[in-house]
There are 2 protein chains.
Amino acid sequence: MNNSTIENATYDIISEFAKTIEMFGLSPLEARLFVYLYLQNQPKTLDDMSEALGKSKTSMSTGIRSLSDFNLVTLVWRKGVRKDLYEANNELFKSFMNNYVTKWINASNHQKDALEKIHHELKKLNIEEYPEITDNLTRIIDFHRQLESSFRRLQS
Amino acid sequence: MNNSTIENATYDIISEFAKTIEMFGLSPLEARLFVYLYLQNQPKTLDDMSEALGKSKTSMSTGIRSLSDFNLVTLVWRKGVRKDLYEANNELFKSFMNNYVTKWINASNHQKDALEKIHHELKKLNIEEYPEITDNLTRIIDFHRQLESSFRRLQS
DNA sequence: AACTCTGTACAGTTTAAACTGTACAAAAAA
DNA sequence: TTTTTTGTACAGTTTAAACTGTACAGAGTT
C-alpha cells in the first residue's frame, strides 16, 4: 500500500461525502472543505487547504468563515505557529442536524409570521365575498405549523 | 374591498409561501408556480400561469414538468377545453414531506453505498499503517445510517 | 523602528443556472 | 385535406453564483 493509494481513497471519500454535506445547504466548496478537515487528524492552515483542494486561498478564507459561522469548524491555537489553524468539529451528526433543523425552523417561522400578518390584515377588511383566499391562507399557515413540529422532532 | 386588494394579497402570499416551498429543493420559479396553482380554485393553463407570473410560456412548460415529476401538480381534463389544465395537489404536507424525505434518503444511501465500496477496497489491501482513514470512513458511514433513520422517522 | 508574513476586501473573471424567443411536431378544427 | 392551435426542443441571452489575483491593513518578527 503506497501513499498514492491513500491519496486516491481520500480524494474519493471527499467527493462522495461532500455530496451528502451539500444537502445540508453548504456550497460545494464549503462541503469539500469541511470533509477535507474532517479526514485530517491535525488542524490545517489556509495554505494547506488551498493546496489540497487546488483552489485559491481567498476561497479558503471565505469558505472557512462560513463554516465557522455554522459552528462546523474551529480555530485552534498551537504554540509557535503563526498561521491560523482550523479543525472540523467532530460531532458530525449533532452539528449538522442542529444547524439544519434550526435553519429550517427559523426560516419557516419567518414566513409563517409574514403570512399571519397578511391574514390579520385581510380579516380587518370585509371579505365575505372572498372566503377562499382566507381558507387557503389558513391551510398554508397550518402547513408551517406542521413543518415546525416535524423538524423539532428531528432535533431531539 | 376591491379586486386590487385581493390581487395584492395574493401576490404577497405567493412571495412568502414560495420561500418555504423553495426550501424543499424547488427552484424559485417552480415554487411560485406551485403556490400560484395552490391558491387558485380552478385548474389553470400554461397561458394563465405565464400571464400571472409574468414569465415565458416555455418556463411554465418546464416548470410544470418538474412539478409533475415530483407529483405536486396534476394534469386535469375538462370537456371542451383544448389546452392542458393543471392543478396543485392539495395534500400539502404529505406531498412535500414524502418527496423530501425520499429524496434525502435516496441521495444519502447512494453516497453511503459508494463509501462502503471504498471501505471494502481499503480493507482488501493491507493498511495497518493507516488506521485513521478507515476509522474516519466508519464514522462517516455511520453518519449516513443515522441520517437515514432520522429522516425515516420524519416520514411517518 | 523597519521588514515580513497572513488573512481578507474588492474588483474582475469564469462558470453555471435561469429564462426567453423562435421554430416546429403533434393534435384539433375547419 | 388544409389551417389553426398548443406544448416543447433548442439555441441563445441574461442573471446570479463561484472563484481568482491583486493589494493592503494589521499582527509578528528582527
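1. Start with where the two protein chains meet in this predicted model. The contact brings together 40 residues of chain A and 40 residues of chain B, with two residues counted as in contact if their C-beta atoms, placed from the backbone, lie within 7 Å. On the chain A side, α1 (3–22), α2 (28–39), α5 (92–124) and α6 (131–155) each put in at least two residues. Helices here are DSSP runs of H or I with at least four residues (strands are E runs of at least two), numbered from the N terminus.

2. What sort of residues does chain A turn towards chain B, by class? The tally is 24 nonpolar, 11 polar and 5 charged. For these classes, Ala, Val, Leu, Ile, Met, Phe, Trp, Tyr, Cys and Pro are nonpolar, Asp, Glu, Lys and Arg are charged, and the others, Gly among them, are polar.

3. A word on reading the labels and the model. Residues are numbered from 1 along each chain as its sequence is written, while chains are lettered from A and ligands numbered from 1 in the order in which they are written. Because the model is predicted, local features need pLDDT of at least 70 and side-chain atom pairs count only at pLDDT 80 or more, whereas totals for chains, interfaces and linings use all residues.

4. Chain A splits into domain 1 (3–90) and domain 2 (93–155), bounds that come from an automatic or database domain assignment. The centres of these two domains, taken over C-alpha atoms, are 36 Å apart. Their contact draws 6 residues from domain 1 of chain A and 5 residues from domain 2 of chain A. On the domain 1 side you'll find 3 nonpolar, 3 polar and no charged residues.

5. The crossing of α5(A) past α6(A) is left-handed, meaning that the near helix is turned anticlockwise from the far one by less than a right angle, with clockwise being right-handed. The residues of this contact divide into 14 nonpolar, 8 polar and 4 charged.

6. Next come α3 (residues 46–53) and α4 (residues 57–69) of chain A, which pack at an angle of about 115 degrees with axes 9 Å apart. These two helices are therefore roughly perpendicular to each other, and α3(A) passes α4(A) in a right-handed crossing. From α3(A), A:L46, A:D47, A:M49 and A:S50 meet A:K57, A:M60, A:S61 and A:I64 of α4(A). By class, that contact has 4 nonpolar, 2 polar and 2 charged residues.

7. α4(A) also packs with α2(A): the axes come within 9 Å and cross at roughly 80 degrees. So this pair, too, is roughly perpendicular. Here A:L29, A:E30, A:L33 and A:F34 in α2(A) meet A:S59, A:M60, A:G63, A:I64, A:S66 and A:L67 in α4(A). The contact has 6 nonpolar, 3 polar and 1 charged residue.

8. Finally, DNA strand C has 17 residues around it, the closest being A:S61, A:D84, B:L29, B:S56 and B:T58. At least two residues of this surface come from each of α4 of chain A and α2 (28–39) and α4 of chain B. The biggest contributor is α4(A), with 4 residues. By class, the surface near DNA strand C has 3 nonpolar, 7 polar and 7 charged residues.

Terms used:
Axes are lines fitted to C-alpha atoms, for helices over the stretch in contact, and angles run from 0 to 180 degrees between N-to-C directions. Angles under 35 degrees count as roughly parallel, over 145 as roughly antiparallel, 65 to 115 as roughly perpendicular and the rest as oblique. A residue is near a molecule or strand if its C-beta atom, placed from the backbone, lies within 6 Å of it.
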